[in-house]
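Have the sequence and the model open side by side.

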Amino acid sequence: MPRYADGKICYVEIPAADAKRSAAFYEAVFGWPTRRRGDGATAFDDAAGEVSGAFVTGRTPHRESGLMLYVMVADAAATLAKVVAHGGEVVQPVHPGAPEVTARFRDPAGNVVGIYQEMTLTST
């Protein structure tokens with residue numbers, strides 16, 4: 001059950017040229033469960049069940065690194081391999097000397113999204 005708090009990020013809309021393709025990508029790479037809502041939209045929940053959202057068509061993809069969405073992962077390198085295997089592209093690989101393990105990728109719709117490796121997580 002999600003925790004509710006004033007100021008919590010609770011919903012994300014991700015531009016998608018093809019909502020089904022984007023849903024399949026995020027489900028394969030991050031394990032996000034997806035569903036068809038009553039209004040016909042393709043929706044998702046993050047892997048922790050804390051944030052939900054939808055893939056929206058008719059919007060320009062987020063191609064630049066302005067406001068950045070980062071997804072927490074256990075293994076950044078393994079996640080980037082999944083990104084590429086499922087039709088995404090590495091935009092910024094893991095920097096070996098950086099104090100934080102982060103990287104950026106472009107999803108199949110063209111959105112630039114970041115990943116953050118949380119050292120306390122273990123890969124499954």
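Where is Asn 111 found? Asn 111 sits in the loop between β7 and β8. Note that this is a predicted model.

Is Asn 111 buried or exposed? Asn 111 has a relative accessibility of 2%. The cut-off for buried is under 20%, so Asn 111 counts as buried. Leaving aside neighbours within four places in sequence, Asn 111 is in contact with Ile 14, Pro 15, Pro 61, His 62, Phe 105 and Arg 106. Asn 111 and His 62 are 49 residues apart along the chain, yet their C-alpha atoms are separated by 4.5 Å. A polar atom of the Asn 111 side chain lies 2.7 Å from the backbone nitrogen of His 62.

**The four-stranded sheet**

Strands β7 and β8 belong to an open sheet of four strands. The order is β5-β8-β7-β6, and the pairing is mixed. At the edges are β5 (70-73) and β6 (89-92), each pairing on one side only. On average, neighbouring strands of this sheet are turned by 35° against each other, direction ignored. Strands β7 (residues 102-106) and β8 (residues 112-117) run antiparallel and are joined by five bridges. Phe 105 has Val 113 in β8 as its bridge partner. Phe 105 is also one of the contacts of Asn 111.

**Helix α1**

Helix α1 (residues 19-30) lies across β5, β7 and β8. Its direction is about 155° to β7. Which residues of α1 are buried? They are Ala 19, Ser 22, Ala 23, Phe 25, Tyr 26, Val 29 and Phe 30. Down the axis of α1, these buried residues fall within an arc of 160°, so they line one face of the helix.

Both ends of α1 have a local detail. At the start, a side-chain oxygen of Asp 18 comes to within 3.0 Å of the backbone nitrogen of Lys 20. After α1 comes Gly 31, with a positive phi near 75°.

**Thr 79 in helix α2**

Thr 79 lies in helix α2 (residues 76-85). Thr 79 is buried, with a relative accessible area of 6%. What does Thr 79 touch, not counting residues up to four places away in sequence? The list is Val 29, Phe 30, Val 73 and Ile 115. Val 29 and Phe 30 are among the buried residues of α1. A polar atom of the Thr 79 side chain lies 2.9 Å from the backbone oxygen of Asp 75.

Strand β3 (residues 42-45) pairs antiparallel with β2 (residues 34-36). Strand β3 also runs antiparallel to β4 (residues 52-56). Here are the two pairings.

| Strand pair | Bridges | Source |
|---|---|---|
| β2 and β3 | three bridges | antiparallel |
| β3 and β4 | four bridges | antiparallel |

Arg 35 stands opposite Ala 43 in β3. Asp 45 has Ser 52 in β4 as its bridge partner. The hairpin of β2 and β3 has five residues between the strands, and Gly 40 takes a positive phi near 95° there. The hairpin of β3 and β4 has six residues between the strands. In its turn, Gly 49 has a positive phi of about 70°.

Methods. Residues are numbered from 1 along each chain as its sequence is written. This is a predicted model: local features need pLDDT of at least 70, side-chain atom pairs count only at pLDDT 80 or more; totals for chains, interfaces and linings use all residues. Side-chain values use heavy atoms; hydrogens and water are left out. Buried means under 20% relative accessible area, exposed over 50%, partly exposed in between (1.4 Å probe, protein chains only). Helices (H or I, at least four residues) and strands (E, at least two) are DSSP runs, numbered from the N terminus. The arc is that of the directions from the helix axis to the C-beta atoms. A polar contact is a pair of N or O atoms within 3.5 Å; within protein, one must be able to donate a hydrogen and the other to accept it, and residues adjacent in sequence count only if both atoms are side-chain atoms. Contact means heavy atoms within 4.5 Å. Two strands pair if DSSP finds at least two bridges between them. Axes are lines fitted to C-alpha atoms, for helices over the stretch in contact, and angles run from 0 to 180 degrees between N-to-C directions.
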